[in-house]
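Please walk me through this structure.

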Amino acid sequence: MKATSKFLTGERVLIVYAIFFLLFLYIPVLFLPLFSFSGSQYMTFPITDWTLERYVTMWKKTKLLEALYASIKVGIFASVVSTILGILVARAMTRYLFPLKRTVMGFILLPMVFPEIIMGVGLLIFVIFVGMQLSLITVTAGHILICLPFSTVILISRFEGFDRSLEEASLDLGENTWQTFRRITFPIVGSGILASLLLTFTISFDEFLIAFFLSGDDPTLPIYIYGQLRHVKNIPYMLSLGSIILLVSFVTISFAEWIRRRGMSSKKVYGLFE
Amino acid sequence: MAHIIENLLSRNDTTKAYSLLSPSLLLLIFVFAFPIFFLVAYSFWTQDYVYVDTTLTLENYKIVVNKASYHALIKRSLIISSLTTLVTVLLAYPMAYFVAFVVKDHKLLWLIALTIPFWTSYLLRVFAWKLILGYNGVINGSLSNLGLIDNPLSFLLYNPFAVFVTLAHAWSAFAILPIYVSLEKIDRSLLEAAADLGDSAFRRFWRITFPLSFPGVLAASMIIFIPTTGDFITPRLVGGSEGIMVANLIQVMFGKANNWPLGSSLAIITMTIVTLSVICFVVISRWLISRIK
């Protein structure tokens with residue numbers, strides 16, 4: 001008992017620190033929704049007149065809706081493809097021993113720590129060199145590349161906790177491989193798949209740099225927002241739009257993180273950087 | 001006999017594994033390896049308006065090496081990102097320690113709360129700082145309301161310091177995760193044994209916890225240092241002309257200046273310097289840690 005009371009002051013300091021850390025993390029971001037209700041053109045603080053006008057009128061901007069639609073399309077393609085590829089990679093990594101396993105894994109995860117600007121300009125050069133047009137297709141290809149490491153890591157941590165004897169039992173009982181996958185494997189790793197879809201969709205939806213170099217004449221939503229931020233009169237609309245994006249991301253991510261980590265032991269809870 | 005079957009089986013495993021991996025590897029080759037290869041190739045080519053001359057030359061590298069303003073820009077980028085890395089890791093360590101050692105009941109909740117910013121829009125998180133540091137922004141507004149200043153402070157925004165603060169905020173959550181993982185892995189019985197043998201709390205931390213969590217600190221440093229050196233949005237939005245970094249120059253070369261070969265060689269040089277710095281950092285810090293042990 002004596003030992004615990006000795007630690008208590010230290011623990012108390014850490015708790016206070018942790019609370020301040022969370023405030024530091026979240027408060028700056030909360031100014032975005034706060035300013036979105038300001039009636040002033042010039043982001044003046046303190047806010048004196050309040051309005052909801054931008055939330056109503058911004059939907060009349062056709063360019064905004066087009067960019068939103070473009071981002072949703074790219075996000076769906078990128079998340080579905082990277083998750084399917086991630087499932088295949090996770091399956092190979094967790095079931096088989098093969099030569100160059102660590103090298104292959106390192107290669108697949110490399111884009112996670114690679115400077116995005118280098119990937120962006122490299123892709124731009126390559127696309128132009130082979131004579132392709134810059135479009136949402138090239139953006140999607142770039143997004144699949146940066147999403148793949150994330151879906152791989154998320155899915156490997158799910159597949160690792162999966163008991164293979166269940167699959168073997170199913171095969172022994174006469175089910176074929178597809179049936180076994182559908183009835184045993186998928187329900188168990190399904191939450192990992194859903195988490196991977198949601199998180200990679202968010203990554204793609206928010207991604208700026210690669211889209212900046214590769215989108216050509218079809219801007220995705222972050223590129224559209226970036227362009228609008230240069231005109232003072234459009235900034236208030238971007239604040240409202242940004243607030244909605246933040247809110248939707250917050251809900252999606254909380255849900256995805258919750259299903260991803262649920263049922264994993266606390267030691268394995270991280271997974272992302274192991 | 002068993003040997004042959006085993007060999008066959010393992011070859012079978014290899015084939016199965018690589019057929020599962022092949023779509024991803026093809027993607028990586030076409031969307032990652034080839035583009036980087038062409039980036040390197042371009043850095044040895046030259047461009048005259050739209051016409052690209054594919055004769056190999058070191059001309060672009062000579063330009064970068066001889067231009068003092070480019071050196072200054074690369075140096076500034078490295079200073080800003082090293083400082084950001086140092087501060088974020090220092091800030092994140094106690095936080096990771098708290099979640100790993102102090103939090104008992106709601107670990108999952110804490111981890112999720114600390115991870116959410118990781119996934120949300122980088123552009124918007126950076127823009128939020130413009131609202132805070134701006135001429136009529138939160139800090140100036142609050143200070144003048146309190147009667148502490150008469151005129152808004154104009155030095156808050158558009159300088160290297162604004163870039164540093166914004167980057168430190170945007171990346172501090174990223175540093176927690178790897179440090180947390182390495183702390184969580186530490187065998188608690190080691191600490192108990194040291195306590196039983198009479199080691200003080202500080203000694204236990206310095207001789208056991210810190211060296212064992214060091215791989216996490218290294219990973220966190222790399223996760224922050226590499227992308228912040230190449231960051232483009234933050235200097236563009238809050239850096240002003242004094243706060244621009246090398247990525248902004250690279251972007252100009254691929255945009256307005258339309259000199260892709262020069263932009264490519266800048267990108268290659270930056271990447272090489274970053275890689276070398278990371279290697280030096282890893283070697284030196286490993287050596288220091290081995291001295292503690």
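Helix axes here are lines fitted to C-alpha atoms, over the stretch in contact, and their angles run from 0 to 180 degrees between N-to-C directions. Helices (H or I, at least four residues) and strands (E, at least two) are DSSP runs, numbered from the N terminus. The model is predicted: local features need pLDDT of at least 70, side-chain atom pairs count only at pLDDT 80 or more, and totals for chains, interfaces and linings use all residues. Residues are numbered from 1 along each chain as its sequence is written, while chains are lettered from A and ligands numbered from 1 in the order in which they are written.

Begin with chain A. This chain has eleven helices and zero strands. Its pattern along the sequence is α-α-α-α-α-α-α-α-α-α-α. The C-alpha trace of chain A spans about 70 × 70 × 35 Å along its principal axes. Of its 274 residues, 45% count as buried. A residue is buried if 20 or more other C-beta atoms lie within 10 Å of its own, exposed if 12 or fewer, and partly exposed in between, with C-beta atoms placed from the backbone. Contacts come next: two residues are in contact if their C-beta atoms, placed from the backbone, lie within 7 Å. Among contacts in chain A between residues at least 6 apart in sequence, 78% join residues at least 24 apart.

Now look at two helix pairs in chain A. The axes of helix 8 (residues 177-206) and helix 11 (residues 235-261) of chain A come within 8 Å and cross at roughly 150 degrees. Helix 8 and helix 11 of chain A are therefore roughly antiparallel to each other. Angles under 35 degrees count as roughly parallel, over 145 as roughly antiparallel, 65 to 115 as roughly perpendicular and the rest as oblique. Helix 8 of chain A passes helix 11 of chain A in a left-handed crossing. A crossing is left-handed if the near helix is turned anticlockwise from the far one by less than a right angle, and right-handed if clockwise. By class, the contact of helix 8 with helix 11 of chain A has eight nonpolar, five polar and two charged residues. Ala, Val, Leu, Ile, Met, Phe, Trp, Tyr, Cys and Pro count as nonpolar, Asp, Glu, Lys and Arg as charged, and the others, Gly among them, as polar.

The second pair is helix 3 (residues 62-95) and helix 6 (residues 136-160) of chain A. Their axes come within 6 Å and cross at roughly 40 degrees. That angle makes helix 3 of chain A oblique to helix 6 of chain A. The crossing of helix 3 and helix 6 of chain A is right-handed. Their contact has 18 nonpolar, nine polar and three charged residues.

How many residues of chain A are in contact with chain B? There are 77, and they meet 75 residues of chain B. Helix 1 (residues 2-36) of chain A gives the most to the side of chain A that touches chain B, with 13 residues. That side has 61 nonpolar, eight polar and eight charged residues.

One helix pair spans the two chains. The axes of helix 5 (residues 116-129) of chain A and helix 12 of chain B come within 11 Å and cross at roughly 145 degrees. Helix 5 of chain A contributes A:Ile118, A:Val121 and A:Ile125 to the contact, and helix 12 of chain B contributes B:Trp260, B:Gly263, B:Ala267 and B:Met271. By class, this contact has six nonpolar, one polar and no charged residues.

A nonpolar core is a set of buried Ala, Val, Leu, Ile, Met, Phe, Trp, Tyr and Cys residues joined through C-beta atoms within 7 Å. The largest nonpolar core has 156 residues, of which A:Val121, B:Ala96, B:Ile176, B:Ile179 and B:Ile250 touch the most other members. Helix 7 (residues 160-184) of chain B gives the most to this core, with 16 residues. Leaving aside neighbours within four places in sequence, B:Ile176 is in contact with B:Ala92, B:Met95, B:Ala96 and B:Leu114.

Finish with two loops of chain B. B:Tyr158 lies between helix 6 (138-145) and helix 7 of chain B. B:Tyr158 has a positive phi of about 65 degrees although it is not a glycine. B:Tyr158 is buried, with 21 other C-beta atoms within 10 Å. B:Asn258 lies in the loop between helix 11 (246-254) and helix 12 (260-292) of chain B. B:Asn258 also has a positive phi, of about 50 degrees, although it is not a glycine. With 13 C-beta neighbours inside 10 Å, B:Asn258 counts as partly exposed.
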